[in-house]
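This report sets out how the chains of the model are arranged and how they meet. Please examine the sequence and the structure shown here before reading on.

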Amino acid sequence: MLSSDRFFSPNPQQKTAALDLYSSIQDLPIISPHGHVDPGLFVPPTIRLGNPIEVLIQPDHYILRMLVSQGITLDTLLAKDNPRAIWKLFADHFYLYRGTPSGLWLTHTLENIFGITEKLDSSSADRIFDRIEAVLAEPDFTPRALFQRMKIEVLATTDPVTSSLEHHKAIRQSGWSGRIIPTFRADDMLNLVATNWQENIRLLSTVSGIEIIDFRSFIAALEQRRSYFRSLGATATDTSMMVPETIMISPQEANAIFQRALKGKATMEDARCFSAQMVMEMARMSVEDGMVMQLHSGVLRNHNPEVFARFGSDMGFDIPIGSEFVNNLKPLLDRFGNHPKFTLILFTLDETMYSRELAPLAGAYPALRLGPPWWFHDSWNGMTRYFDQVMETAGLYNTVGFNDDTRSFLSIPARHDVWRRASANWLASLEVRRLIDHHDAEQMAYEMAVGLAKRAYHLEQ
Amino acid sequence: MLSSDRFFSPNPQQKTAALDLYSSIQDLPIISPHGHVDPGLFVPPTIRLGNPIEVLIQPDHYILRMLVSQGITLDTLLAKDNPRAIWKLFADHFYLYRGTPSGLWLTHTLENIFGITEKLDSSSADRIFDRIEAVLAEPDFTPRALFQRMKIEVLATTDPVTSSLEHHKAIRQSGWSGRIIPTFRADDMLNLVATNWQENIRLLSTVSGIEIIDFRSFIAALEQRRSYFRSLGATATDTSMMVPETIMISPQEANAIFQRALKGKATMEDARCFSAQMVMEMARMSVEDGMVMQLHSGVLRNHNPEVFARFGSDMGFDIPIGSEFVNNLKPLLDRFGNHPKFTLILFTLDETMYSRELAPLAGAYPALRLGPPWWFHDSWNGMTRYFDQVMETAGLYNTVGFNDDTRSFLSIPARHDVWRRASANWLASLEVRRLIDHHDAEQMAYEMAVGLAKRAYHLEQ
Amino acid sequence: MLSSDRFFSPNPQQKTAALDLYSSIQDLPIISPHGHVDPGLFVPPTIRLGNPIEVLIQPDHYILRMLVSQGITLDTLLAKDNPRAIWKLFADHFYLYRGTPSGLWLTHTLENIFGITEKLDSSSADRIFDRIEAVLAEPDFTPRALFQRMKIEVLATTDPVTSSLEHHKAIRQSGWSGRIIPTFRADDMLNLVATNWQENIRLLSTVSGIEIIDFRSFIAALEQRRSYFRSLGATATDTSMMVPETIMISPQEANAIFQRALKGKATMEDARCFSAQMVMEMARMSVEDGMVMQLHSGVLRNHNPEVFARFGSDMGFDIPIGSEFVNNLKPLLDRFGNHPKFTLILFTLDETMYSRELAPLAGAYPALRLGPPWWFHDSWNGMTRYFDQVMETAGLYNTVGFNDDTRSFLSIPARHDVWRRASANWLASLEVRRLIDHHDAEQMAYEMAVGLAKRAYHLEQ
């Protein structure tokens, strides 16, 4: 059973202060401005979630990768028949997750969503499986009902620019009050040498109703889509780049590259220039239409070719690489870094960026904000390192609160709870060291839980 | 009001040990071997310091950058009229500095220099402004009197090689006992492709009385200036390089580059070679004349072109970049690293260098010492990371104590106090974990506060 | 005198939990799967260890480098006459080791091996020297007796592939029960441009009985040696590379390079390709013969040319450099990363690799495991950083316990004791924060002390 003071420092003074701060934010609504939950879940009011394995194991690459690393194959884990056997295998190996965020999230979800307080291991596996199945079958265990129970105030999904956003439309039209908004993700349009790029461009032509024959019409089509996304509540865009490079080239040069790409003749250098130029262009559009821009970088996707060939993406083999922002972002910041209406939120998996590059940049440029610790660093220690290395230089108010960034709907409360506990514990450490007073700590705790995210992502309504 | 046990661990044993160690060093004189205070402040015995904004806000790029990052313009902040309105704006936004070193330094300065214990916010802004103004107008509130009150034993300034050091001379001739010494900074002479390099060389010719016609006379002029700086008490030089590269080239090659530069025909490659060679040459001169050599590297200066064009340097937009020492310094260490009379003190903003490169190098080469955590890392957490990542491998005795490195005279005590508290807390953590005994902890605390700096910078008199 | 609760958190709850966990592992046998102790020590049952300086100072480059860094010359320290004077000099400077692992290991060794509880300094130097000398002269103070007293269950040495392993054979033939096994180290064969490479190849021909005339026979000879090493108990290989690069080239290409090398005409590029290809080949052989593969990288050896020329290798001037694994290892992982029978254990001195590259890789690939914190990071803080940055993402069960990696036989217990204390303290911090329960903590403590190393290195017998 989860202890109510879990995570907090064992020092009695700090624990008391942390519990006090945590109690003031524990039940605040959840702001989820960046994530990957399927909006389709919320369309039919009575949709069911699937079996325990489909809900808790198979969509969670954090869970899968750890089992794979110890020799359990994806063939076994992704099988469709006999979910109880897979659950048993998982329970047999649940010791692998000791002290990991995946283990803690799962335990939290079992207890808070399913009411299970027994420890998961080989002996309890069957009982727990039965209990999860029973809860999943309960009449009020629908995504919409859970959304309300979880106190989600707003949930942003991530959607390709070519999406019709039919689920978002259907949710709005259904009259249900849950706020679920799309996020504009144009990545499929930015990599000229991806095998399906030309097809993506044709699709963009179709959905935008703008015939894309050159760079200018391509940009017009993107602008049309941004406008459409905004009409369904979107406030932000998201871009993922392996390297956060930015360049300023002329429209003529951009068009020359684009024309080569349309003819299937783009070079690797064209692709590099084009994506760097498109980051700039996305910033320009944000300056004009007010959408918040998010930039995620520094991941080598699908590192394992055998796994990718057999099972596709998001199987736990995306690996972080070294990063650099000071030179890479300079062209963009030269042009838009001081713009009062522009917000660019940066994310990194290279923690050496925190104190060296990102905190000094965000603590100076009006347009920059730092996203929360991302992915592998969305953990107790990852958050602690982030607070340690970012806050003194960037200042809390140049950060944006938390993103759960999850594909697993049921894990949302667990993830926000870790962030709120980590925030409370960090602020308590400042308070008991007399670096801030209690009044400041309380205000900061509220900002970290809710305020910063609402303001940074323009979600105040 | 500041708590006397601020910063220290909330663990009672560690706090007691930290307070005990801190009490033994709290009132020791301040050794300030590296900083940027204007020596002119100390020449006329009755000079005044200016209005509150001129004293506390406008010269402090740490303060300015945070306000700028939240959309307050430098136009507003640097205005000359209505200091009270700027102070009010600052107070309205003082929450931005919660948990930052800038906020803690300012609070310390308000309390210890101005006797203000009220918290700064919108409601107290006017009262505090009045109080600062009143104190600044007090007859004994002169830089010389403050220098004594602050118990500064020695203050090193940073001075261009072409400086006549008139203020230093005037201070000496005035008979005042305060020890203020120059530091030799030749950076203006080292970048061949800077627009004003030729002018700098002409100025060097003039002040040295040596006609600079080739590399040899250039070096002779520098040596003449070093000798002059030493005659006014200088014990150290300082060099800042974006990359800490060093090379060994022949005098003929050096001269060929120098001649091209004199004709305005130096290439970027010439500039790179020349500065790398000049780091070597500065080391050679230090070996000969005994001046301690400091090398700061890894900053991209004036990252924001708009701010630089309108407001110049030192406005908060100097951003750290990645660094490398093991290969870059090898030519220099090959030649001088084992020299018993040579001291090279290294500074970095790239904290990944601490455990990987700098601590192993400083823990082996007789000539090397590590400077304290610098600039963005001159903070509670920055110091803690430094102790954690440097001390086990380099050993305390290969470090050099503290540099306040400040442009803001009144902030000197606040900065040394953070260092002394951080030192005491770190040593207390070793003591309560039984890694050192109390006797050792006390000796180490003294070394960190005073001893190491005095010896490393040859300030023992 | 050493405190029994040294190292542990001063927080009473955490300390109690740490002591409890430590008491459960403190006296477990020592598994030493990677180190550099001379197997010759164990051949004659009554061999003596030498004088105090030969035993404790001269073979320990950690000790030497710190003294050198403060101006004491290797000439003085490595002198053969007057060990008492060197010991006195060491004692006079023992303050330099305050808070360093070297200081703590030495203090532990003096107390636990020699029964010395007095603090080492100038005044106690002579008494302690006498005591060490007396103990070294005791009849039962032999390496074999110490091996048993230290409870070493298995000790792996590191041996060149051309070694006849005569000491290992002699130990086996002597009937003594101590388990001492060789480790296969082929580094001398991998660097084509090393001056003695051709000689090494000839030596390999001789010892293997296989005439090496091409790449194929070279590989055959290596395979013969691997088989021979295994026959004497070896379970692992070790490879050290400055850069952990791997490539896949054809046997024809490999042979062409090899032929150029045999003729003394290999280029630097040949050497780079060859070593990258040989890492791949070593992996291929491990897949086939089941030996565990260790890869150490990221050190610039013999950084100080003057010291190297006069005193040779291992004098404290090997310095870490930046690293990269995600791209460098990709060819090898593409081929063998999912192999169920392959184990590749990675070591780094670049701590930025922990959270960014190594933990994500090891938490996904079945073949990968992470070695413990290495060399400069084999310290209290180094271990703490490793636990912090590795465990959440890699999971404990993708690590391999501890390596003492020492050349100094008597320091083995001290090093394992630091690891066991650090492990207990880390697990206690998880326990008191309720992230794991006591049952899990106890199992994890056992794994860290013994279990993981035994399984990863195939030492279960």
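## Basis of the model

This is a predicted model, in which local features need pLDDT of at least 70, side-chain atom pairs count only at pLDDT 80 or more, and totals for chains, interfaces and linings use all residues. Residues are numbered from 1 along each chain as its sequence is written, while chains are lettered from A and ligands numbered from 1 in the order in which they are written.

The copies use different surfaces, as 5% of the contact residues of chain C recur in chain B; two residues are in contact if their C-beta atoms, placed from the backbone, lie within 7 Å.

## The two sides of chain C

Towards chain B, 40 residues of chain C are in contact with 37 residues of chain B. Helices (DSSP runs of H or I, at least four residues) and strands (runs of E, at least two) are numbered from the N terminus. Elements giving two or more residues to this side of chain C include helix H6 (101–114) and strand E9 (319–320) of chain C, and the largest share, four residues, comes from H3(C). By class, this side has 17 nonpolar, 16 polar and seven charged residues. Here Ala, Val, Leu, Ile, Met, Phe, Trp, Tyr, Cys and Pro count as nonpolar, Asp, Glu, Lys and Arg as charged, and the others, Gly among them, as polar.

Towards chain A, the contact takes 37 residues from chain C and 40 residues from chain A. Among the elements of chain C that each supply at least two residues are helix H1 (12–25) and helix H19 (412–432). H17(C) gives the most to this side, with seven residues. The classes here are 16 nonpolar, 11 polar and 10 charged residues.

## A parallel sheet in chain A

Three strands of chain A form an open sheet in the order E1-E2-E4, with parallel pairing; strands pair if DSSP finds at least two bridges between them. Strand E1 (30–32) and strand E4 (180–181) of chain A are the edge strands, each pairing on one side only. E1(A) pairs with strand E2 (residues 152–156) of chain A over three bridges, and A:Ser32 has A:Leu155 in E2(A) as its bridge partner.
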